[in-house]
Number of protein chains: 2
Amino acid sequence: MVMHEFDLIQHFFAHQLQPMRTDVVLGIGDDCAITTLPPGHELALSIDTLVAGIHFPDSATAEEIGHKALAVNLSDLAAVGAAPAWVTLALTLPRIDEVWLALFAQGFFTLAQQYQTVLIGGDLTRGPLTISIQAHGFIPAGQAITRSHAKPGDLIYVTNTLGDAGLALHYLQQKIDLTPQQMSIMQRLHKPMPRIAEGIALRNIANAMIDVSDGLAADLSHILTQSNVSATIHLERLPLSATLRQAVPLELAYSLALTAGDDYELCFTAPKNKQSLIKSKLKSATCIGEIRATKQHDPHQLMVQLDGKPYFVGVGGYQHF
Amino acid sequence: MVMHEFDLIQHFFAHQLQPMRTDVVLGIGDDCAITTLPPGHELALSIDTLVAGIHFPDSATAEEIGHKALAVNLSDLAAVGAAPAWVTLALTLPRIDEVWLALFAQGFFTLAQQYQTVLIGGDLTRGPLTISIQAHGFIPAGQAITRSHAKPGDLIYVTNTLGDAGLALHYLQQKIDLTPQQMSIMQRLHKPMPRIAEGIALRNIANAMIDVSDGLAADLSHILTQSNVSATIHLERLPLSATLRQAVPLELAYSLALTAGDDYELCFTAPKNKQSLIKSKLKSATCIGEIRATKQHDPHQLMVQLDGKPYFVGVGGYQHF
């Protein structure tokens, strides 16, 4: 039985268990959703698209896709220090597959629930599998952490570990083997967790922040360019998981941590005098380098060192085209 | 030369002439856009996707696609009485075609400029041509016009003329011929205008409103269902353009006006005592029927009459799947 668009939305999305939010005046089911913004706050918003075969492998389950599509958008909110509030979902499907939709909804709403995020609207269309999600979050006025305020002398940090999603992709591309114990690393690729609490904790502490979606080197370079500064990072300080260290030679581990995308950790800079505050508030943060003033005619905006010596690697990051 | 995603966004979108809005704290180029909402207002938001070959014909130009993708989203704002403010754009392209992108941007930004709408963020991905736009608008708190407050005794109105986009589609499907003079009707399909001023003018006047995207009968039925009322509409009162009347037999003209989609006119209901107010404020509105209380066991939620007699037509509306 083929259902109408409206029935489908009703069936799979409107009846889902959703957190109650008093700032949602009108949710799914009209021409627009209607919402309010708490006084003294600004609205952070971001839209991201996942295309089948490009942003997730064919082997990804619908539940993983539902999770990841939301996670990467919430990660953009985390990257400015915002607290998630509402999302909209534009879902393009080649055909109605009710099992697929139910699993997608499960991945999506399970994550949404964890972050008190409400689905307030969407559009369901027929076409090649494509998922666009727009996330909206709140941030106290003036406290958004952007890419453009890194200062010379700032220390550079990343949360948790880097390169794990890259390792998982290497496995999927049959470039390496993993033991059964190491297979849990696949979750880092398929079900990344947005670092919302970390982003919020860094309000009034971090000078600049970005989430690592295209690879540390590429994403940190955005901070450098937009802040008009340079940086040195120290490879031996990059936080690597035990699995990554064990599964591949150290050089490849460094390369994945530096250039592979999809980790969705936060990379941020903060003044040196915040170091002990960060240590106490953010157990997961590791200091990996420092921001320098950009010298004239210096071609090395981002200098990578290993044990104090220059180390040259490809730092292209993920190319979208 | 293939440009990076970031260069492309910069080149085609970030440098466009855009209206200045003091409510945009941070626009394109960071993880999130940051915005503020004027005091006493609510935020109206809607997301819509256009898929190539489904929502626009292959013959549509990039400039028309850029216009239409934005127009259908602004139309959702019009349908609740909101004033447009900001939009985000998720653009999925099979390959970088700079001529196509420049034309798309021209159609998009020309319309955006007319409604003081700013592009504040986006995502550019590779894949089958798909365009998702999320529109955000403002409305004084409590004044949003929804689908669910039509009242028995309300009169039903539509703006401008209906069926013109359907006529244009009929021509593209080679079902009819058009004279060179009649070809201007193609604009109604390719470059619909969102009825923003009309939507705003109807605040505190209309009880319920929707935009006609799937066809009058289908869209009015949403109002009826969500308001739990019934309606009678009078075919002979439907506003038909001279072109539509001349190009096809009257019966087909009625059918197109009633069931063809893509007109993006507003359909609204308002109390009888607002009739002269509407006449003076909204020259483009035509009264086409009235809302009735739903009788038990009456299968005709929407009754269509011609010269006072029941008239039966297929009223399915556009099927998304």
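Tyr157(B) is buried, with a relative accessible area of 3%; here buried means under 20% relative accessible area, exposed over 50%, and partly exposed in between, with a 1.4 Å probe and protein chains only. This residue lies in strand E7 (residues 155-159) of chain B, where helices (H or I, at least four residues) and strands (E, at least two) are DSSP runs numbered from the N terminus. Leu244(B) is 87 residues away along the chain, and its C-alpha atom is separated from that of Tyr157(B) by 19 Å.

A word on what you are looking at: this is a predicted model, in which local features need pLDDT of at least 70, side-chain atom pairs count only at pLDDT 80 or more, and totals for chains, interfaces and linings use all residues. Residues are numbered from 1 along each chain as its sequence is written, chains are lettered from A and ligands numbered from 1 in the order in which they are written, and side-chain values use heavy atoms, with hydrogens and water left out.

Now turn to Thr36(B), in the loop between strand E2 (33-35) and strand E3 (41-51) of chain B. Thr36(B) is partly exposed, with a relative accessible area of 23%. Not counting residues up to four places away in sequence, Thr36(B) touches Asp23(B), Val25(B), Trp86(B) and Phe138(B), as well as Glu42(A).

That last contact brings in the other chain.

In chain A, look for Lys68(A) in helix H2 (residues 62-78). Lys68(A) is buried, with a relative accessible area of 5%. Leaving aside its neighbours within four places in sequence, its contacts include Leu189(A), His190(A), Asp262(A) and Tyr264(A). Helix H4 (residues 164-172) of chain A has buried residues too, among them Asp164(A), Leu167(A) and His170(A). Their cover includes helix H5 (186-190), helix H8 (242-247) and helix H9 (250-259) of chain A.

Back in chain B, nine of the twelve residues of H7(B) are buried, so this helix is largely enclosed by the rest of the structure. At 1.5 Å a residue, helix H7 (residues 216-227) should span 16 Å, and its end C-alpha atoms are 16 Å apart, which agrees; the expected span is 1.5 Å times one less than the number of residues. After H7(B) comes Asn228(B), whose phi is positive, near 60°.

Finally, a search of the whole structure finds one cavity of 30 Å³ or more. On a 1 Å grid over the protein atoms alone, a cavity is a set of points where a 1.4 Å probe fits but cannot get out, and lining residues have an atom within 4 Å of a point. The largest cavity has a volume of about 40 Å³, the space filled by probe spheres set on the points. Its lining includes Phe56(B), Ile65(B), Lys68(B) and Leu189(B). H2(B) gives the largest share of that lining, three residues.

Technical notes:
On a 1 Å grid over the protein atoms alone, a cavity is a set of points where a 1.4 Å probe fits but cannot get out, and a pocket is an open set with protein on both sides within 12 Å along at least five of seven lines; lining residues have an atom within 4 Å of a point. Contact means heavy atoms within 4.5 Å.
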